[in-house]
Amino acid sequence: MSPLLPKNSYVMFHRYYLSKHFKAGDVVKVLHPKFGLIVKRIGCIDKYGFIWLRGENPSSVSTIDMGPVRASRIKGKVLFWVKPS
(Lines give C-alpha, C1' and ligand atoms only; values in the text may rest on other atoms or scores of the structure.)
Protein backbone atom coordinates (compact mmCIF):
# COMPACT_ATOMS: atom_id res chain seq x y z
CA MET A 1 0.00 0.00 0.00
CA SER A 2 2.57 2.50 -1.11
CA PRO A 3 3.07 5.46 -0.98
CA LEU A 4 1.30 5.66 2.41
CA LEU A 5 3.02 2.55 3.77
CA PRO A 6 6.41 1.99 2.13
CA LYS A 7 7.83 -1.52 1.97
CA ASN A 8 9.26 -2.75 5.31
CA SER A 9 7.24 -0.28 7.40
CA TYR A 10 6.26 -1.28 10.93
CA VAL A 11 2.50 -1.08 11.42
CA MET A 12 0.57 -1.16 14.72
CA PHE A 13 -2.99 -2.49 14.52
CA HIS A 14 -5.67 -2.52 17.16
CA ARG A 15 -8.56 -4.97 17.45
CA TYR A 16 -10.69 -2.69 19.64
CA TYR A 17 -12.04 -1.09 16.49
CA LEU A 18 -13.58 -4.34 15.33
CA SER A 19 -16.98 -3.45 16.75
CA LYS A 20 -18.24 -1.51 13.70
CA HIS A 21 -16.21 1.64 14.23
CA PHE A 22 -15.27 1.70 10.56
CA LYS A 23 -15.56 4.63 8.19
CA ALA A 24 -14.38 5.50 4.72
CA GLY A 25 -10.71 6.46 4.80
CA ASP A 26 -9.69 4.08 7.61
CA VAL A 27 -6.64 1.90 6.92
CA VAL A 28 -7.32 -1.68 7.95
CA LYS A 29 -5.82 -5.17 7.96
CA VAL A 30 -8.14 -7.55 6.11
CA LEU A 31 -8.17 -11.32 5.73
CA HIS A 32 -9.34 -11.32 2.11
CA PRO A 33 -10.77 -14.62 0.79
CA LYS A 34 -8.75 -14.39 -2.44
CA PHE A 35 -5.67 -12.27 -1.63
CA GLY A 36 -4.99 -13.36 1.96
CA LEU A 37 -3.85 -10.89 4.61
CA ILE A 38 -3.72 -7.39 3.09
CA VAL A 39 -3.61 -3.78 4.27
CA LYS A 40 -5.99 -1.45 2.43
CA ARG A 41 -7.95 1.73 2.90
CA ILE A 42 -11.75 1.58 3.21
CA GLY A 43 -13.17 3.23 0.13
CA CYS A 44 -16.81 3.08 1.17
CA ILE A 45 -19.37 1.04 3.06
CA ASP A 46 -22.48 0.32 1.02
CA LYS A 47 -26.07 0.29 2.26
CA TYR A 48 -25.90 -3.50 2.76
CA GLY A 49 -22.93 -3.22 5.13
CA PHE A 50 -20.33 -4.51 2.68
CA ILE A 51 -16.95 -2.81 2.79
CA TRP A 52 -15.24 -1.80 -0.43
CA LEU A 53 -11.46 -1.53 -0.19
CA ARG A 54 -8.99 0.46 -2.26
CA GLY A 55 -5.26 0.63 -2.60
CA GLU A 56 -3.13 3.72 -2.97
CA ASN A 57 -0.46 2.30 -5.23
CA PRO A 58 -1.25 2.65 -8.96
CA SER A 59 -0.27 -1.01 -9.43
CA SER A 60 -2.54 -2.16 -6.57
CA VAL A 61 -5.35 -4.62 -7.17
CA SER A 62 -8.44 -2.66 -8.22
CA THR A 63 -11.49 -2.20 -6.01
CA ILE A 64 -13.58 -4.14 -8.53
CA ASP A 65 -11.15 -7.10 -8.55
CA MET A 66 -11.11 -7.22 -4.72
CA GLY A 67 -14.89 -6.96 -4.51
CA PRO A 68 -16.74 -6.20 -1.29
CA VAL A 69 -15.88 -7.84 2.03
CA ARG A 70 -17.85 -8.27 5.22
CA ALA A 71 -16.81 -6.43 8.38
CA SER A 72 -15.96 -9.79 9.97
CA ARG A 73 -13.00 -10.02 7.54
CA ILE A 74 -11.38 -6.94 9.07
CA LYS A 75 -8.79 -8.02 11.62
CA GLY A 76 -7.55 -4.64 12.84
CA LYS A 77 -7.43 -0.91 12.27
CA VAL A 78 -4.11 0.87 11.80
CA LEU A 79 -3.23 3.04 14.79
CA PHE A 80 0.15 4.23 13.52
CA TRP A 81 3.11 3.18 11.42
CA VAL A 82 6.85 3.79 11.32
CA LYS A 83 8.53 4.13 7.95
CA PRO A 84 11.88 2.40 7.46
CA SER A 85 14.96 4.61 7.72
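**Entry 1**

I began with Lys-23, which counts as partly exposed at 48% relative accessibility. For these classes I took buried as under 20% relative accessible area, exposed as over 50% and partly exposed as in between, with a 1.4 Å probe and protein chains only. The model is a predicted one, so I noted its terms: local features need pLDDT of at least 70, side-chain atom pairs count only at pLDDT 80 or more, and totals for chains, interfaces and linings use all residues. Residues are numbered from 1 along each chain as its sequence is written, and side-chain values use heavy atoms, with hydrogens and water left out.

I then looked up the partner of Lys-23. Its side chain meets that of Asp-26 in a salt bridge, at 3.1 Å from N to O. I use the term for a side-chain nitrogen of Lys or Arg within 4 Å of a carboxyl oxygen of Asp or Glu. Asp-26 is buried, with a relative accessible area of 6%.

Asp-26 also forms a salt bridge with Lys-77, where the closest N and O atoms are 3.5 Å apart. This pair links distant parts of the chain, 51 residues apart: Asp-26 is in the loop between β1 and β2 (27-32), and Lys-77 is in strand β6 (residues 74-82). I numbered helices (H or I, at least four residues) and strands (E, at least two) from the N terminus, as DSSP runs. Lys-77 counts as buried because its relative accessible area is 13%. I recorded Lys-23, Asp-26 and Lys-77 as linked in a network of salt bridges.

**Entry 1: Arg-15**

I checked Arg-15 next, in the loop between β1 and β2. Arg-15 is exposed, at a relative accessible area of 64%.

**Entry 3**

How many salt bridges does the whole structure hold? My search of it finds 3. One of them joins Glu-56 to Arg-41, with 2.6 Å between the closest N and O atoms. Here too the pair links distant parts of the chain: Glu-56 sits in the loop between β4 (51-54) and α1 (63-66), Arg-41 in strand β3 (residues 36-45), and they are 15 residues apart. Glu-56 is partly exposed at 26% relative accessible area, whereas Arg-41 counts as buried at 15% relative accessibility.

Arg-54 lies in strand β4 and counts as partly exposed, with 35% relative accessibility. Contact here means heavy atoms within 4.5 Å. I also noted 9.7 Å between the C-alpha atoms of Arg-54 and Gly-67, which are 13 residues apart along the chain.

I looked up Ser-9 in the segment before β1 (10-14). Is Ser-9 buried or exposed? It counts as buried, at 18% relative accessibility. Beyond its neighbours within four places in sequence, Ser-9 is in contact with Val-82, Lys-83 and Pro-84.

Trp-81 is in strand β6, and I recorded it as partly exposed at 31% relative accessibility. Not counting residues up to four places away in sequence, Trp-81 touches Leu-4, Leu-5, Tyr-10 and Val-11. Met-12 is 69 residues from Trp-81 along the chain, yet their C-alpha atoms are separated by 6.0 Å.

**Entry 2: the whole chain**

I counted 1 helix and 6 strands in the protein chain. Their order along the sequence is β-β-β-β-α-β-β. The radius of gyration is 12 Å, close to the 12 Å that the globule rule gives for 85 residues, so the chain is as compact as a globular protein of that length. I took the radius over C-alpha atoms, and the rule as 2.2 Å times the number of residues to the power 0.38. The C-alpha trace spans about 40 × 30 × 20 Å along its principal axes.

Buried residues make up 26% of the 85. Of the contacts between residues at least 6 apart in sequence, 53% join residues at least 24 apart.

For charge, I found 15 positive and 4 negative side chains, with the centres of the two sets 7 Å apart. Lys and Arg count as positive, Asp and Glu as negative, and His and the chain ends are not counted. Each charge is placed at NZ of Lys, CZ of Arg, CG of Asp or CD of Glu.
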